Amino acid sequence: MAVDRERVAALVRELLEAIGEDPDRPGLKLTPERVADAYSEFFAGVGEDPAAPLAHTISVTRGPAPETLPSGAVMVRDIRFRSICEHHLLPFRGHAHIAYLPGEKVVGLGALPKVVDILSSRPQVQERLGEQIADVIAASLDTRGVLIVLDASHECVTTRGGRQTDASTVTIAARGELADPAARAELIALLGSRE
């Protein structure tokens with residue numbers, strides 16, 4: 001479902017009036033359309049299938065290197081993401097770290113950031129975002145376990161209320177074998193390692 005840009009622009013104009021501004025003054029005249037453009041991008045994931053990027057898998061046993069079966073996790077870390085908090089409609093942004101224990105099939109590494117992008121391009125809360133990413137990967141791939149760690153800064157914390165400008169929020173979602181804290185300890189340690 002595409003964002004109704006005309007409706008968003010009309011509502012932004014009304015919002016500007018509601019806060020006591022003149023939407024026709026030079027600095028604000030194009031703001032409703034600019035916000036509509038931004039919302040089209042921010043909410044592009046609404047109605048999109050987050051599993052679609054994972055549809056093309058690669059067989060490990062019948063693929064390009066059948067003698068190389070994965071024995072450990074596949075991890076993609078430092079995937080930048082941004083989303084809009086559904087509570088205040090303020091941005092939050094940070095890094096997603098994805099690890100999974102592959103079964104017989106793996107997915108191209110570029111597909112994992114696409115899943116993050118689709119799910120974060122919706123009104124969200126960080127806790128649910130991590131769980132949704134884990135669910136999509138666990139359901140779409142032949143995995144023995146999935147681990148998602150999100151570390152993000154929320155403008156509802158950094159710019160309003162307590163204004164904790166350096167605060168970040170870390171959430172963990174795990175499935176399968178990686179739901180056991182001992183099993184995921186090595187992966188968590190790798191996230192802190194920057195060698």
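Me: Ground rules before we start?
Reply: The model is predicted, so local features need pLDDT of at least 70 and side-chain atom pairs count only at pLDDT 80 or more, while totals for chains, interfaces and linings use all residues. Numbering runs from 1 along each chain as its sequence is written, and side-chain values use heavy atoms, with hydrogens and water left out.

Me: OK, the sheet. What is the strand order?
Reply: The order is β5-β2-β3-β6-β7, in an open sheet of five strands with mixed pairing. Strands here are DSSP runs of E, at least two residues; helices are runs of H or I, at least four; both are numbered from the N terminus. Two strands pair if DSSP finds at least two bridges between them.

Me: Which strands stand at the edges?
Reply: β5 and β7 (169-176). Each has a single partner strand, so one side of each is left without a neighbour in the sheet.

Me: How do β2 and β3 pair, parallel or antiparallel?
Reply: Antiparallel, over nine bridges, between β2 (residues 74-85) and β3 (residues 91-102). Phe81 has Gly94 in β3 as its bridge partner. The two strands form a hairpin with five residues between them. Leu89 in that turn has a positive phi of about 55 degrees.

Me: And β2 with β5?
Reply: That pairing is parallel, over two bridges. Cys85 stands opposite Gln124 in β5.

Me: Gln124, then. Buried or exposed?
Reply: Buried, because its relative accessibility is 1%. Buried means under 20% relative accessible area, exposed over 50%, and partly exposed in between (1.4 Å probe, protein chains only). Gln124 lies in β5, residues 123-124.

Me: What does the Gln124 side chain join up with?
Reply: The side chain of Gln132, through a polar contact of 2.7 Å. A polar contact is a pair of N or O atoms within 3.5 Å; within protein, one must be able to donate a hydrogen and the other to accept it, and residues adjacent in sequence count only if both atoms are side-chain atoms. Gln124 also touches residues including Ser83, Phe92, Leu119 and Leu129, not counting residues up to four places away in sequence. Contact means heavy atoms within 4.5 Å.

Me: Switching to α3. How many of its residues are buried?
Reply: Seven of 10, in a helix spanning residues 111-120. Among them are Leu112, Val115, Val116 and Leu119. Their cover includes α2, β2, β3, β4 (105-107), β5 and α4 (126-140).

Me: Now the largest pocket. How much space lies in it?
Reply: About 360 Å³. On a 1 Å grid over the protein atoms alone, a pocket is an open set of points where a 1.4 Å probe fits, with protein on both sides within 12 Å along at least five of seven lines; lining residues have an atom within 4 Å of a point. Grid points are joined across faces, edges and corners, and the volume is the space filled by probe spheres set on the points.

Me: Which residues are closest to the pocket centre?
Reply: Val3, Val8, Leu11, Tyr39 and Phe43, out of 14 lining residues. α1 (5-18) and α2 (31-42) are the elements that give two or more residues to the lining. The largest share, six residues, comes from α1.
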